[in-house]
Amino acid sequence: MKNLSLVLFSLLFVACAQTKTPPTTVETTPTTEQEAQLVPIEKASVVKFFDYACGHCRTAHFTAKNLKTEFGDKIEFELKHFPLSPATYLVAETAECARRQDKFEAYHDKLFEENFQNYEVDNLQTVAESVGIDMEQFNTCVANGGGRSAVQADVDEATALGVS
């Protein structure tokens, strides 16, 4: 199966994903002056860098959910953290602690769906508890910086790709 991996940034993703249907073909670099050859896409993989406080990222979140609903297994999203402030860096770390309990998606969705903007630890704990996270494990992970290396790896990758 051919996979097409695309690296899209949240701002770009919002602008590009406003159509009802994603492209079913991709244009390759022409080898002659004739029309470009079209290659069918069997599955699209999208890497999306995001920040929890970014309004465009929130819009992209809902666009991605709609695309996933519409196209199912033909599209997959890999979510990468790109926190723009120390406050959202902490939120990203807590999301990684949720991932350790297989609750990343529920926690991530809840933060975006409620347009969550209060990043105090007590409030993040409330969100975690509301999606069924074991609070003892979560609090230990957060206190020990358990999500920090995963977040930093995403930031390093984004920086290497020129995300700013």
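Trainee: Where does Asp 102 lie?
Mentor: Good place to start! We are looking at a predicted model, where local features need pLDDT of at least 70, side-chain atom pairs count only at pLDDT 80 or more, and totals for chains, interfaces and linings use all residues. Residues are numbered from 1 along each chain as its sequence is written, and side-chain values use heavy atoms, leaving out hydrogens and water. With helices (H or I, at least four residues) and strands (E, at least two) taken as DSSP runs numbered from the N terminus, Asp 102 lies in the loop between α3 and α4.

Trainee: What is the phi of Asp 102?
Mentor: Most residues other than glycine have a negative phi. Asp 102 is not a glycine, yet its phi is positive, at about 60 degrees.

Trainee: What pattern does the protein follow along the sequence?
Mentor: Let's begin with the parts list: the protein has seven helices and five strands. Read along the sequence, these elements give β-α-β-β-β-α-β-α-α-α-α-α.

Trainee: How much of the protein do buried residues make up?
Mentor: The protein has 164 residues. Buried residues make up a share of 39%.

Trainee: Which residues does the disulfide join?
Mentor: A disulfide is a covalent bond between the sulfur atoms of two cysteines; here, a pair of those atoms within 2.5 Å counts as one. The structure holds one disulfide. With S to S at 2.1 Å, the partners are Cys 97 and Cys 141.

Trainee: How many residues apart are Cys 97 and Cys 141?
Mentor: Cys 97 sits in helix α3 (residues 86-99), while Cys 141 belongs to helix α6 (residues 135-143). The pair therefore links distant parts of the chain, with a separation of 44 residues.

Trainee: Why is the disulfide of Cys 97 and Cys 141 left-handed?
Mentor: Both partners, Cys 97 and Cys 141, are buried. Their disulfide is left-handed because the torsion about the S-S bond is about -80 degrees.

Trainee: How many aromatic pairs does a search of the whole structure find?
Mentor: Rings of Phe, Tyr and Trp (its six-membered ring) pair if their centres lie within 6.5 Å; planes under 30 degrees apart are stacked, over 60 edge-to-face, and the rest tilted. The number of pairs found in the whole structure is four.

Trainee: What kind of aromatic pair do Phe 50 and Tyr 52 form?
Mentor: Both residues, Phe 50 and Tyr 52, are buried. Ring pairs also link Phe 50 and Tyr 52 with Phe 112 into a cluster. The centres of Phe 50 and Tyr 52 are 5.1 Å apart and their planes make 80 degrees, a pair that is edge-to-face.

Trainee: What separates the C-alpha atoms of Met 135 and Gln 125?
Mentor: Met 135 is found in helix α6, and its relative accessible area of 18% is why this residue is buried. Gln 125 is ten residues apart from Met 135 along the chain, and their C-alpha atoms are separated by 7.5 Å.

Technical notes: Buried means under 20% relative accessible area, exposed over 50%, partly exposed in between (1.4 Å probe, protein chains only).
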